[in-house]
Amino acid sequence: MATSTISVGALVSLQELNPSSPNFKQGASFRVTGKLQEYDLETAVAVIVDGDASLKVDTQYLKLNLRPGSLYQFIGELHIEPNNEAILKARVGRNVDGLDTNLYHQTLQLLRQFQAEKVNIRTS
């Protein structure tokens, strides 16, 4: 029997998913959070925003009642189109309207510091 592995979605902010970022890799698995700005029912493509960053999310495999203005978290794989535009092919999605976004961003910064310190300890 063949086994397949599904990568956990690395926690990133939308600002970290731009063409100059080391995270901007075809097929990389990510967990992203943002406010739903728009949703096209015909294509099942949502656009989420966080600050000045945005990301398209393909939601065709999800059963979610998406509401513009609500906060969502998606896990999926990044696909980079020929025009260097990214779209996350979501395999998991959930509404996170109760999330404190300021605390979430602070936690993400602390996680990055911890990960950097851990790498420095290993290389010392």
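## Contacts of Leu 55

Beyond its neighbours within four places in sequence, Leu 55 is in contact with Leu 14, Leu 17, Val 32, Ala 46, Val 47, Ile 48, Leu 78, Ala 86 and Leu 88. The model described here is predicted.

## The nonpolar core

Leu 55 is also among the residues with the most contacts inside the largest nonpolar core, together with Phe 30, Val 32, Ile 48, Val 57 and Phe 74. This core has 21 residues. At least two of its residues come from each of the strands S2 (29-40), S3 (45-50), S4 (53-58), S5 (71-80) and S6 (86-95).

## Salt bridges

The count of salt bridges comes to 5. One of them joins Glu 16 and Arg 112, whose closest N and O atoms are 3.0 Å apart. Because Glu 16 lies in the loop between S1 and S2 and Arg 112 in helix H1, the pair ties together parts that are 96 residues apart in sequence.

Another salt bridge is formed by the side chains of Asp 58 and Lys 89, at 3.3 Å from N to O. Asp 58 belongs to strand S4 and Lys 89 to strand S6, so this pair links parts 31 residues apart in sequence. Asp 58 counts as buried because its relative accessibility, 8%, is under 20%. Lys 89, at 33%, counts as partly exposed.

## Confidence of the prediction

The protein averages a pLDDT of 91, and 96% of the residues score at least 70. Among the elements, S3 has the highest mean pLDDT (98), whereas helix H1 (residues 101-123) has the lowest (87).

Methods
Residues are numbered from 1 along each chain as its sequence is written. This is a predicted model: local features need pLDDT of at least 70, side-chain atom pairs count only at pLDDT 80 or more; totals for chains, interfaces and linings use all residues. Side-chain values use heavy atoms; hydrogens and water are left out. A nonpolar core is a set of buried Ala, Val, Leu, Ile, Met, Phe, Trp, Tyr and Cys residues joined through side-chain atoms within 4.5 Å. Buried means under 20% relative accessible area, exposed over 50%, partly exposed in between (1.4 Å probe, protein chains only). Helices (H or I, at least four residues) and strands (E, at least two) are DSSP runs, numbered from the N terminus. Contact means heavy atoms within 4.5 Å. pLDDT is the predictor's confidence in each residue, from 0 to 100. A salt bridge is a side-chain nitrogen of Lys or Arg within 4 Å of a carboxyl oxygen of Asp or Glu.
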